[in-house]
Amino acid sequence: MRAFLVVMDSVGIGGAPDAQAFFNGDLPDTGANTVAHIARACAEGLAEEGRSGPLRLPHLDRLGLGAAVRLASGTEAPGLEARPEGLWGAATEASRGKDTPSGHWELAGLPVPWDWHYFPDRRPAFPEDVTRAVCDIAGVDDILGNCHGSGTVMIERFGAEHLRSGKPICYTSADSVFQIAAHEEAFGLDRLQDLCAKLAPRLHEMKVGRVIARPFVGTEGDFRRTGNRRDYAIAPPAPVLTNWVQDAGRQVTAIGKIGDIFSMQGIDQVLKGSDAQLMDHLDAQVAGAPEGSLTFANFVEFDSLYGHRRDVAGYARALEWSDARIGALLPRLQDGDLLCLTADHGNDPTWAGTDHTRERVPVLIAGRGTGELGQVAFADVAASIAAHLGVPAQGIGKSFL
């Protein structure tokens, strides 16, 4: 009996009842629907770069993805009409955020107990004391950026000046984050990570959720982010699913940025890499994870490479690639295994702006029969994983198994 909890980062399915309270610029998230809108664009021939035709997700659809979209939002996703063969439902978030920590903490049983601090969308975005702290730690006289922006745009805009001046590129978004981009060779990866680690406690006191190191390489006109990103996140203030499982004497493996999101609480080992490498790690865990263990994975590239960049075709390609890999993995699950596929928020690539969208998320389960779970809470996912593994749950969620 093992559990595999897989977060498909930003794969929302619309229908959040409070979407009107969340915005991309001046536009509320009302009506945003990541999966349905991608499927519609594919069906209309509007997502043909590197792929063609209707969105093809046969394995996720058979687990209940199309049905979950209809349940969450009353919307049809063209091409996703299969009769579900797994347990399926739609989860609604209670935390007042559409960001990575809020979604993951709540999926792990802990709704965020405070309001995050967000930096204003103006320039300068950061208070002078925060800017001065960065300068003092880094040994520079100023920072670049100091605004809201997409990471790739920030590097393109300020990368050359960063190389000339040595000043770090600091920026934020609609999430509760402080991001620092620096050249991995000219500025130094260790120096960047040391800067973020020393700055993080100050920002955590402000209830800024994460300080993120964003290293890049290359030369002007050809800057590229590397895989050495590191998130310095606020530690959850109470035990979460990973703690519950570890405290019961079981092994907990984090794949992707899960270790960063939970500040390594309740985690025995971390496996990182690109999404392709992470999927290989997940395959290896299915083949060899010990009895009673939890594998908790996040696949971020839906969000980071395609959602924020509003790249519909790229997002569709990523979904179809993931579907094929999940389809190959399913037959290798052992008797008694549970695989839960879900998401932490939406990031509708057809929407205005560049930020996350407030949406419900799918809950698709293989290994525990067939049926409709209905509308559930994010925290119910943690309670259900704990029930499957036979470990005590300490959160507010209720098991749907």
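The lining of the largest pocket draws at least three residues from each of domain 1 (2-112 + 237-389) and domain 2 (128-233), the domain bounds coming from an automatic or database domain assignment. A pocket is here an open set of points on a 1 Å grid over the protein atoms alone, with protein on both sides within 12 Å along at least five of seven lines, whereas a cavity is a set of points where a 1.4 Å probe fits but cannot get out; lining residues have an atom within 4 Å of a point. The model is predicted: local features need pLDDT of at least 70 and side-chain atom pairs count only at pLDDT 80 or more, while totals for chains, interfaces and linings use all residues. Residues are numbered from 1 along each chain as its sequence is written, and side-chain values use heavy atoms, with hydrogens and water left out.

The largest pocket has a volume of about 640 Å³, a volume being the space filled by probe spheres set on grid points that are joined across faces, edges and corners. Of its 28 lining residues, Thr 226, Gly 227, Arg 229, Val 300 and Ser 304 are the closest to the centre. The lining comprises six nonpolar, 10 polar and 12 charged residues; Ala, Val, Leu, Ile, Met, Phe, Trp, Tyr, Cys and Pro count as nonpolar, Asp, Glu, Lys and Arg as charged, and the others, Gly among them, as polar. The second largest pocket, of about 460 Å³, is lined by 25 residues, with Phe 23, Lys 98, Tyr 118, Ala 174 and Asp 175 the closest to its centre. At least three residues of this second lining come from each of domain 1 and domain 2.

The C-alpha centres of the two domains lie 28 Å apart. Contact (heavy atoms within 4.5 Å) joins 13 residues of domain 1 to 10 residues of domain 2.

Two cavities of 30 Å³ or more are present in the structure. The largest has a volume of about 290 Å³, and Gly 151, Ser 173, Gln 179, Arg 214 and His 308 are the closest to its centre among the 24 lining residues. Both domains give residues to this lining, so the largest cavity lies between them. Strand 8 gives the most to the lining, with three residues; helices (H or I, at least four residues) and strands (E, at least two) are DSSP runs numbered from the N terminus. The lining divides into four nonpolar, 11 polar and nine charged residues. By class, the second largest cavity, of about 30 Å³, is lined by seven nonpolar residues, one polar and no charged.

An unreviewed UniProt entry places the feature "binding site" at Asp 303, His 308 and His 356; such positions are given in the numbering used here, feature names are shortened, and annotations may be inferred rather than shown by experiment. These residues span 54 residues in sequence, yet no two of their C-alpha atoms are more than 8.4 Å apart, so they gather at one spot. Asp 303, His 308 and His 356 are included in the lining of the largest cavity.

Asp 303 lies in helix 11 (residues 301-307) and is buried, with a relative accessible area of 4%. His 308 is placed in the loop between helix 11 and helix 12 (312-329) and is partly exposed, at 21%. Buried denotes under 20% relative accessible area, exposed over 50%, and partly exposed in between (1.4 Å probe, protein chains only). Not counting residues up to four places away in sequence, Asp 303 touches Asp 9, Ser 10, His 308, His 345, Asn 347 and His 356. With that exclusion, His 308 touches Asp 303, Asn 347, Thr 354, Asp 355 and His 356.
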